[in-house]
Amino acid sequence: MKRWFVLFIAVVTFACGVLAAIPVAAQTSYTPPKTREGQPDLQGVWQALNTAAWNIQDHGASLGIPAGRGVVEGNEIPYTPAALAKKLENLKNRDRLDPINKCFLPGVPRITYLPHPFQIVQQADRVTILHEYSRVIRFIYMNGNAHPAGHIDWYMGDSRGRWEGNTLVVDVTHFNDETWFDRAGNFHSDALHLVERFTRTGPDHMLYEVTVEDPKVFTRPWKMSMPLYRRQEKDVELLEYDCAAYLLKQEWDKPDSPLLR
Amino acid sequence: MREWLFATLGTAAAVLLVLPITGRAAGGEPQAFYKPDTPKFPQARTWVAQKAKLPPYKAPRTADGVPNLQGNWNGPVGGGNDDLEEHEFIDVTTPPQESYVSDPPDGKVPYTPWALAKRNEIRAGLGRGWPGESSQRLYGDPNALCLVGMPRISFGAQEILQKPGAVILLTTNTYRVIPTDGRPHMSSDAKSFFGNSRGRWEGETLVVDVTGLNGETWFDSAGNFYGPNTHMIERWTMVDPNTIDYEITIEDPTLYTRPWKMNYPKRRAGTGPGANPLSTNAVGAAGRAPASDPYAKEFWEQTCTEGNHDNVVILKSLGFKWFNAVVAPK
């Protein structure tokens, strides 16, 4: 009896180990519909439903910021010691230092989990992501061109896509060092390299995974993952959030706005 | 130091400061400089006469059976939309040009007397060194602050994409999604720079009804304005394989004595008068690259606000006010 139980435990443990070793993406048995061009159809209006825009790691609540489970696998971000010090400094001064305060392009992957919807539009050689936030537009080229020669300092990087089975895999390089991952001061350098994976897991769900690599800031690559949800409202559409316009309007008549000097 | 700098800024410098830098951000050509003897650019009057002579045209259809408008399209050819109405040479960025207004036939925006006075007041305070200016700076062109709205976005180049139930307009840094699935408008109380667009197909024409506009941007950089009650109806019609007739009707009884229209041709990239046939991309930052460049058709990151800080600070320091939407007194 005891021996049977030990064997049972061993089998269960093994099975769990095997399952854990399979990438989350591969666990989905869902086969998405195809576009007219024959590619997996990721089109529609999607949105993240989490607190990663405030903090990509586990965090408690504070005024205006809900508590949240992090989206970083294992929760730890492998900063170098110097980078960790900078992150903590960023966190302490986030109300002043968060680059999103200026309403500039918010960078990748932060744009994906801002609390605004985005719409994916596919063509044979290009996937375009239209974001409600500041009408930011991301072009993901799949036309056979490699990343252009660089380095190029772009807020949103240069995105090159490919299909791996039903997953859209996007390689992103050519970043500047002027965006953060979240409101908690998690940051990167211009050496940032991302690999994003978009995998439909059901009619209304998509898994979004990002591998983050930046040897100037992190000691090893690390990963985020989160579900994206299809917006269900009848006649859902992207509306307008013109961040820079609202900010200027608010600050214009202040005699000594720190943002306008 | 900064005060000293401003004190030394002459009128010429002020003119440069209010250049519509986002004419390009909205997908247009980079700012050009013109000589006084530049021939008058043809606009609505010439185009309406040309169009009247064209044979009827039926556009190819998409898989959904509607006219296929897809591709890269240029904005109107000319000296930009620096001043909507017909004018002679004003300055190096404002060459002589016919009016964009096709109706009424005199090419004038049919303002009510109150709204015309308002337009003239705005125009006199542009600080551009134009004839008839007051000595006071009033408003800078909202476009110079990277504010983009209807219908100026259409004056630039864009790619048109069609999907079942929607037409999508793309520039390098912004977009419009126009549902064509018959859904109703949102309440026009919900205001925005681009408004709420609803499209439908009428024969060869994409008709787009735009409500909910906030009236916080202008038609041009010369102070021709609309308001939060303004209603716009666009008509996009292919009149030959490489030309879209763009027509927009503007209605607002609180500002205009009658509905009025603008018309201009949008040419397929690489075609039309003066086009570089090797340039295949009217829209992208790589737009002037030869077609042999593998990146020629790609849209690369184009910023506006991000690089405009100094310009904003200077405009504010020169005393320009924030342009709030204009509402006529009852």
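Modeller: Happy to! Let me begin where two chains meet: the buried residues of α5(A) pack against α7 (309-317) of chain B. Helix α5 spans residues 243-251 of chain A, and its buried residues are A:Cys243, A:Ala244, A:Ala245 and A:Leu248. Buried means 20 or more other C-beta atoms within 10 Å, exposed 12 or fewer, partly exposed in between, with C-beta atoms placed from the backbone; contact means such C-beta atoms within 7 Å.

The model is predicted, so to speak of local features we need pLDDT of at least 70, and 80 or more for side-chain atom pairs, while totals for chains, interfaces and linings use all residues. Residues count from 1 along each chain as written, while chains are lettered from A and ligands numbered from 1 in written order.

Now to chain B, which has seven helices and 10 strands (DSSP runs numbered from the N terminus: H or I of at least four residues, E of at least two). Of its 330 residues, 43% count as buried. Among contacts in chain B with a separation of 6 or more, 61% are between residues 24 or more positions apart.

Your sheet is open and has six strands, ordered β2-β10-β9-β8-β7-β6 in chain B, with antiparallel pairing (at least two DSSP bridges make a pair). At its edges lie β2 (101-103) and β6 (196-202) of chain B, each pairing on one side only. On average, neighbouring strands of the sheet are turned by 25 degrees against each other, direction ignored (axes are lines fitted to C-alpha atoms, for helices over the stretch in contact; angles run from 0 to 180 degrees between N-to-C directions).

Strand β2(B) is antiparallel to β10(B) and joined to it by two bridges; here B:Asp103 has B:Lys261 as its bridge partner. Next, β10(B) and β9(B) run antiparallel and share eight bridges, with B:Met262 of β10(B) partnering B:Ile248. Strand β10(B) is mostly covered, since seven of its eight residues are buried. Further along, β7 (residues 205-211) and β8 (residues 231-240) of chain B form an antiparallel pair over six bridges, and B:Val210 stands opposite B:Met232 in β8(B).

What packs on this sheet is helix α4 (residues 44-52) of chain B, which touches β2, β8, β9 (243-251) and β10 (260-267) of chain B. The direction of α4 makes about 70 degrees with that of β10(B).
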